[in-house]
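Here are my comments on the two-chain model you sent. They are set out as numbered points, one topic to each.

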Amino acid sequence: MSEIREIILNSDRLATDEYLVNMGPQHPSTHGVLRMLVRLEGEKVLNIEPHIGYIHSGIEKMCEAISYPQIIHLTDRMDYLSAHMNNEAVALCVEKALQVEVPDRVNYIRTIMDELSRLASHQLWWCVMGMDLGALTTFFYGLRDREKILDIFEETCGARLTVNYNLPGGVMFDIHPNFQKRVKDFVKYFRTKLPEYDQLLSGNVIFRERTSGIGYLSPADAIEYGVTGPSGRASGFSCDLRKHQPYSAYPLVKFNEILDHRCDTLARYEVRIKEMYESLSIIDQLIDNIPEGEYAVKMKGVIKLPEGEFFQRVETARGEFGVFVISDGKKNPYRVKFRSPGFSNLFALNKMAKGHKIADLVAIMSTLDLVIPDIDR
Amino acid sequence: MKSFIEYIGSIFKGIWTLLIGMKVTGKYFFTPWKNVTQQYPENRDQLVMFERFRGEVIMTHNENNEHLCTGCGICEINCPNGSIEIISKSILTPDGKKKRIIDQHIYHLGMCTFCNLCVKACPTGAIVMGQKFEHAVWDRSLLTKVLNQPGSKIEEGVKE
Ligand code: SF4
Ligand code: SF4
């Protein structure tokens with residue numbers, strides 16, 4: 001075999017050339033405007049260079065000119081599938097800086113909302129993952145269930161995607177009277193629908209062939225690249241901030257951190273599916289015990305942070321999201337930096353996809369669950 | 001021979017998993033009444049939005065064409081992207097004092113991000129979120145609205 005290869009490589013006429021292909025910026029599997037410069041030898045991927053910045057919106061710079069409650073509404077637009085968690089990160093950061101204690105009710109509401117967004121985000125990821133691999137059916141099943149969560153959001157928060165529900169010191173409205181009933185109905189409904197996901201996609205032979213053993217990311221590399229969230233946990237990197245640095249009502253609930261040591265695409269897939277079960281159990285534990293009380297503490301009309309540096313991180317559906325605020329005592333921050341999970345996860349792609357076929361690159365990219373505004377912000 | 005049996009076996013396994021998946025899709029194919037899609041433009045009349053749904057900012061007026069807006073401008077300050085402009089004017093009250101009242105409460109729907117901060121901040125509750133969501137127009141200038149109706153005035157007894 002190697003002899004033939006040698007002959008081919010040495011002959012002028014049959015020599016294979018490497019070539020560069022632009023994948024994106026308008027490519028359905030990049031889920032947004034991401035351009036990847038892929039160096040190929042035949043179908044084999046030699047190198048990937050992600051080029052970002054096509055939808056850079058300058059959110060960090062904009063934050064320097066607006067007040068803290070207004071910053072929260074901008075974070076909706078970064079990782080729009082984890083809007084609640086992003087909102088909460090800024091709210092928690094401001095509360096930490098001002099040393100405000102929020103009522104228990106707020107903590108419970110925030111945690112339930114976080115888990116609902118995580119479910120909605122994983123549902124969308126699941127249906128899009130199937131679609132990327134050529135199974136359009138999954139798309140409709142995932143969206144069918146996600147719709148129920150969006151209805152819950154719409155009823156309580158007033159919006160479906162860019163919810164802007166958190167404020168420094170609490171949440172914007174009290175929960176809607178129907179909220180608990182709806183959430184309980186949803187949990188019951190989704191427990192019966194989640195096995196359908198496994199029947200449709202997880203057990204499918206073609207799907208398993210295309211995912212197992214593909215896109216290996218060693219635990220050491222995951223830590224080195226800062227790959228967090230389900231993608232990191234599928235490499236055996238224990239990085240769940242809900243466990244390690246619990247915030248809101250997470251110290252009160254029991255749940256497992258899903259870890260997988262197979263480090264491949266299938267592992268990343270299964271971690272997310274299992275996380276959905278964990279989210280359902282977290283909601284179950286909280287929904288009946290929401291304590292009575294205020295839904296927000298009274299804050300000053302103009303919120304000014306004391307001089308200094310403040311940092312808060314939360315676990316979004318994609319990984320670790322951090323907010324770093326430098327304040328000079330005015331009503332708007334001196335500098336804001338967001339640590340977004342998508343950015344770090346994207347750059348581990350080269351490590352994972354090198355040596356695989358270009359069709360596998362699409363599968364690997366979908367299990368990273370990229371949201372482009374989260375990367376570009 | 002062994003690899004041949006494995007090959008045949010894998011084909012049957014593949015077909016079997018395919019059938020498991022098709023059991024799910026088949027179930028919905030034969031029970032179309034369980035489907036969840038809506039016929040959108042046709043069901044407009046039955047379509048009810050949730051009461052908190054944020055469709056647009058509106059100013060409520062009572063039957064005498066009176067509103068609650070004092071023209072204080074707090075909503076303008078709280079808006080993150082300058083969607084609200086307050087133009088106020090000063091009038092002479094009957095007892096001879098000068099008073100600033102609202103002239104035009106201008107709202108740029110095209111710039112609004114429906115964040116609810118203005119509604120939350122308004123001290124008198126003059127503006128609320130409306131449920132209308134079909135905002136498409138042919139001309140961009142139609143998206144700039146004046147929220148206080150022509151000829152309207154402030155309700156008696158609203159304190160600044
Ligand atoms: S709508 Fe409310 S906040 Fe805005 S100017 Fe009128 S009274 Fe003030
Ligand atoms: S909803 Fe938000 S963006 Fe729209 S006018 Fe009010 S404050 Fe401005």
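1. Among contacts in chain A between residues at least 6 apart in sequence, what percentage join residues at least 24 apart? The figure is 70%. Bear in mind that this is a predicted model.

2. Chain A has 16 helices and 10 strands. Its radius of gyration is 22 Å, close to the 21 Å that the globule rule gives for 377 residues, so chain A is as compact as a globular protein of that length. The C-alpha atoms of chain A occupy a box of roughly 80 × 50 × 35 Å along the principal axes.

3. Burial in chain A reaches 59% of the 377 residues. The accessible surface of chain A is about 15,200 Å². Carbon and sulfur atoms account for 54% of that surface.

4. Charges in chain A: 45 positive side chains and 51 negative ones. The centres of these two sets lie 2 Å apart.

5. Chain B has three helices and seven strands. Read from the N terminus, the order is α-β-β-α-β-β-α-β-β-β. The radius of gyration of chain B is 29 Å, well over the 15 Å from the globule rule for 160 residues, so chain B is more spread out than a compact globule. Its C-alpha box along the principal axes is roughly 105 × 35 × 30 Å.

6. In chain B, 32% of the 160 residues are buried. The accessible surface comes to about 11,000 Å², with 60% of it on carbon and sulfur atoms. For contacts in chain B between residues at least 6 apart in sequence, 70% link residues at least 24 apart.

7. Chain B carries 19 positive and 16 negative side chains. Their two centres are separated by 10 Å.

8. B:Val119 deserves a look. It sits in helix H3 of chain B, residues 117-121. Leaving aside residues up to four places away in sequence, B:Val119 touches B:Ile127, B:Val128 and B:Met129. The C-alpha atoms of B:Val119 and B:Cys75 are 7.2 Å apart, with the two residues 44 apart along the chain.

9. How many disulfides are there over all chains? The count is zero. A:Cys157 is in no disulfide, and the nearest cysteine sulfur, that of B:Cys115, is 14 Å away. The cut-off for a disulfide is a pair of cysteine sulfur atoms within 2.5 Å.

10. Is A:Cys157 buried or exposed? A:Cys157 counts as buried, because its relative accessibility is 0%. B:Cys72 is at 42% relative accessibility and so counts as partly exposed.

Technical notes. Residues numbered from 1 in each chain as written. Chains lettered and ligands numbered in written order. Heavy atoms only, no water. Helix = DSSP H or I, 4+ residues; strand = E, 2+ residues; numbered from the N terminus. Rg over C-alpha atoms; globule rule 2.2 N^0.38 Å. Buried < 20%, exposed > 50% of the residue type's maximum accessible area, 1.4 Å probe, protein only. Contact = heavy atoms within 4.5 Å. Areas by Shrake-Rupley, 256 points an atom, 1.4 Å probe, with all protein chains shown as cover. Lys, Arg positive; Asp, Glu negative; His and termini not counted. Charge placed at Lys NZ, Arg CZ, Asp CG, Glu CD.
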